[in-house]
Amino acid sequence: MSVRAPFNLDVIRADFPILRRKTPEGRTIVYLDNAATSQKPESVIEAISQYYRAHNANVHRGVHVLSEEATQAYESARQKVAQFLNAPNERNIVFLRGTTEAINLLAQSYGRPNLGPGDEILISHMEHHSNIVPWQVVCRQTGAELKVVPIDEHGVLDIEAFEAMLSERTRIFSCVHVSNALGTINPIKRMVSRARSVGAITMVDGAQAAPHMPIDVQDLDCDFYAISGHKMFGPTGIGALYGRAELLESMDPYQAGGEMIKYVSFEKTVYNEVPHKFEAGTPNIAGAVGLGAAVDYLRSIDFEAAMGHEEDLLEYGRQQLERLPEVRLIGTAKEKAGVLSFWMEGTHPHDVGTILSHEAICVRTGHHCAQPVMQRFGIPATIRASLAFYNNHEDLDALIEGLKKVKRVMLG
Amino acid sequence: MNDLQDLYQSVILDHSRNPRNFRAIDGANAKAEGYNPLCGDQVTVYLTLEDHLITDASFQGVGCAICTASSSMMTQQVKRLSSEKALQLFELFHDLVTTAEEFDIDTLGKLAVFSGVRNYPMRVKCASLPWHTLKAALEQKEQPVTTE
C-alpha cells in the first residue's frame, strides 16, 4: 500500500474526469447526486479499460494465460473488498450486482427456508424499497410477518420502540446503516447487538455508508453487510455481500447454473464452495476489478480528512439552506452523512430539479425509492443534494443561487 | 439549451398557482385516478357525462407545476366536448408534447403553451398524466392508471 497523500481537494477533484466536463452552454457540471450514484476516479476507469485491453477471459475455467490473469484479477478484487470491510477472510465476500441483489439473496436463501408463520422480520421506516419489498415477498411465501421500527420528526429511529419490538419471534433484523433519503446514521452496532441477543440474524444495508465512513464488519458483529460498487466510486452492476461463514455455508444457492457447482450429473449436483456457490454464471469480472480499484483509491487518500471535509460541507449546506425561508429540511438527525434533503414551499421538487438542471446542477428530485419516508413527512417527494468528498463549497453556493432562481421563476 | 421560459410560460405558471376546476364533482358519473411513480404526481379526474357529452370536468391531486397546469387547462378544454372529441384532443396533445414540429393550433387552442415540454423528455409524463387519467375515466377503468 502506498503512502497516503494529505487531503488536497484540487488533487482529489483532478482524479475525477467528469468534474471537468462542461455542458454545451459551457457550464461546469455541479454534481450533487452522489447518493444516486457517485462519479468514478481515473484509476477505476483505467482499471476496467486495462482489464478488457489486456486480461479479458472467463474466470475459474481454462488453463490458458488470460484465464489465469482474469481469475487472479477477480479474486484479488475479492481480497480487497474483504480488507475494506475488515472481513476475516475473502471467502466471506460474495460478488453480486449490488445491495438490492444481496438483500434478495438473503431473503430467498436464508429467509425462505427458515421462516414460517409466527416469525417476524424487523426493518425500519427509513428503508430503501430494496430493503422492504424482498421481505414482503418472503413474508407472502412463508407466512412470516414484517414489522417496522418507527422514526421521529427528525428522521431518527425510535430506539425504545425498536427494543420493545424485539422478541424471540424476531428471526431477521435488516436495517439501513445510513439512510439514502434522510442521511441519518443509525446506531447500527448497538442495534445489531440487541437483535442478536434475541437470536435474530442481522443484515445491514451499507450502500450509503461505504462512501462516507470506514466499515468494520467484525466490530459491528453483524451477520451480513451489503455494499454497492457504484455508490462508492466503483462501477455499476457490481456489489458485495459480506456473510458470516457458517451462515453462508448453511444457506442454499440463490441462483443455479455454471460456476456455482462442483459436480453435475442428471441424478445429483454438488454445489461449489462458498462464496462461488452464490455466484452462478459468468460474473461481472470487469466490475469486480473496477470495485477493487475503487477500494484501492479510497485506501490511497486520507479518508479521515475526506470525512472531515464532507462534514464541513454538510454543515455549510445546512446553514445556507436554512437561510432560505421557503426551505424545509427533511431529515435533521444529529448523526448524519452526506444528504441534504428538503422541500421548498410553493414549488414542487420536479420543477426545482428542471430549473437547477438549467444551471448544470445535478440533484435528485423524487421519493428516492423510499416512499414510506415521504409518507412519514407528508410530502410526495423531496429535492436531495447529496455529497461526496470531491464536492466543494462552490458546489453548494451554486445550489443556493440555483434555488434563488427557482424562486424567481416559480414564485415571481 | 432551451429557454426555461418556453417551459414555464406565464399561462402555465398562472394555472399551476390558481388551478381552475380544482374540486370534486359530487355525483360524477366518470372518475379515474392517475399516478406517476417517478415523481409522485397524483391526480383524480371527475367527469359528468350526458350521452357521451362531457358537461362538467374537474380534478384534484398533488403535482408539479406542469402537471397541475395541464390538469387545469385540460378540464377547461374538454368541457362540452363529446368523449370521442376529447380523446382526439388527447392524441393531438400527446403529439404536441412529444414529437410534433407543427401543430393544429385551431383545435389545440390554449393547450399550445405546452409545446415547450417536448424539449424536456423527463417532463412529458407530467403534462400527459391528466390526459391518461381522463382517458381512463372515459373508459371507466377502475384500477389507477400510471405513467409507467
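User: In this predicted model, which side chain makes a polar contact with the side chain of A:E359?

Analyst: The model is predicted, and A:E359 sits in the loop between α12 (349-358) and β13 (361-362) of chain A. With neighbours within four places in sequence set aside, A:E359 is in contact with A:R27 and A:K405. The side-chain polar contact, at 3.5 Å, is with A:R27.

User: Which domains does the assignment give for chain A, and how far apart are their C-alpha centres?

Analyst: Domain 1 of chain A covers 9-31 + 302-411, and domain 2 covers 46-299. The contact between them takes 31 residues from domain 1 of chain A and 28 residues from domain 2 of chain A. The C-alpha centres of domain 1 and domain 2 of chain A lie apart by 29 Å.

User: How many residue pairs are in polar contact between domain 1 of chain A and domain 2 of chain A?

Analyst: The two domains of chain A bury about 2400 Å² between them, with 62% of it on carbon and sulfur atoms. Between domain 1 and domain 2 of chain A the salt bridge count is 0. For residue pairs in polar contact, both at pLDDT 80 or more, the count between these domains is 14.

User: Which element gives the largest share of the side of domain 1 of chain A that touches domain 2 of chain A?

Analyst: On that side of domain 1 of chain A, the elements giving two or more residues are α11 (303-322), β12 (339-344) and α13 (371-377) of chain A. By class, the side of domain 1 that touches domain 2 has 18 nonpolar, 7 polar and 6 charged residues. The largest share, 6 residues, comes from α13(A).

User: Which salt bridge is found between chain B and chain A?

Analyst: Side chains of opposite charge can pair when their charged atoms come close. Between chain B and chain A the count is 1 salt bridge. Its closest N and O atoms are 2.8 Å apart, and the pair is A:D351 with B:R123.

User: What classes of residue make up the side of chain B that touches chain A?

Analyst: The contact joins 22 residues of chain B to 18 residues of chain A, and the two chains bury about 1500 Å² between them, 58% of it on carbon and sulfur atoms. There are 10 residue pairs in polar contact between chain B and chain A, both residues at pLDDT 80 or more. The elements giving two or more residues to the chain B side are α1 (4-7), α2 (10-17) and α3 (65-78) of chain B. By class, that side has 15 nonpolar, 3 polar and 4 charged residues.

User: Which helices of chain A hold A:R194 and A:E163?

Analyst: Over all chains the count comes to 28 salt bridges. In one of them, the side chains of A:R194 and A:E163 meet at 2.6 Å, N to O. The two residues are 31 residues apart and link distant parts of the chain, A:R194 being in α7 (residues 188-197) and A:E163 in α6 (residues 159-165).

User: Which residue of β3(B) is the bridge partner of B:V43?

Analyst: Strands of a sheet pair through backbone hydrogen bonds, either parallel or antiparallel. Strand β2 (residues 41-50) of chain B pairs with β3(B) in the antiparallel sense over 9 bridges. In β3(B), the bridge partner of B:V43 is B:G61.

User: Where does a cis peptide bond occur, and which residue other than glycine has a positive phi?

Analyst: Most residues other than glycine have a negative phi, and most peptide bonds are trans. A cis peptide bond, with omega about 5°, joins A:V274 and A:P275, and A:P275 lies in the loop between β10 (269-271) and α10 (285-300) of chain A. In the loop between α8 (217-220) and β7 (224-228) of chain A lies A:D221. A positive phi, near 60°, is found in A:D221.

Conventions:
Residues numbered from 1 in each chain as written. Chains lettered and ligands numbered in written order. Predicted model: local features only at pLDDT ≥ 70, side-chain atom pairs only at ≥ 80, totals over all residues. Heavy atoms only, no water. Domains from an automatic or database assignment. Contact = heavy atoms within 4.5 Å. Buried area = accessible area lost by both parts, 1.4 Å probe. Salt bridge = Lys/Arg side-chain N within 4 Å of Asp/Glu carboxyl O. Polar contact = N/O pair within 3.5 Å; in protein donor to acceptor, adjacent residues only side chain to side chain. Helix = DSSP H or I, 4+ residues; strand = E, 2+ residues; numbered from the N terminus. Nonpolar A, V, L, I, M, F, W, Y, C, P; charged D, E, K, R; others polar. Pairing = 2+ DSSP bridges.
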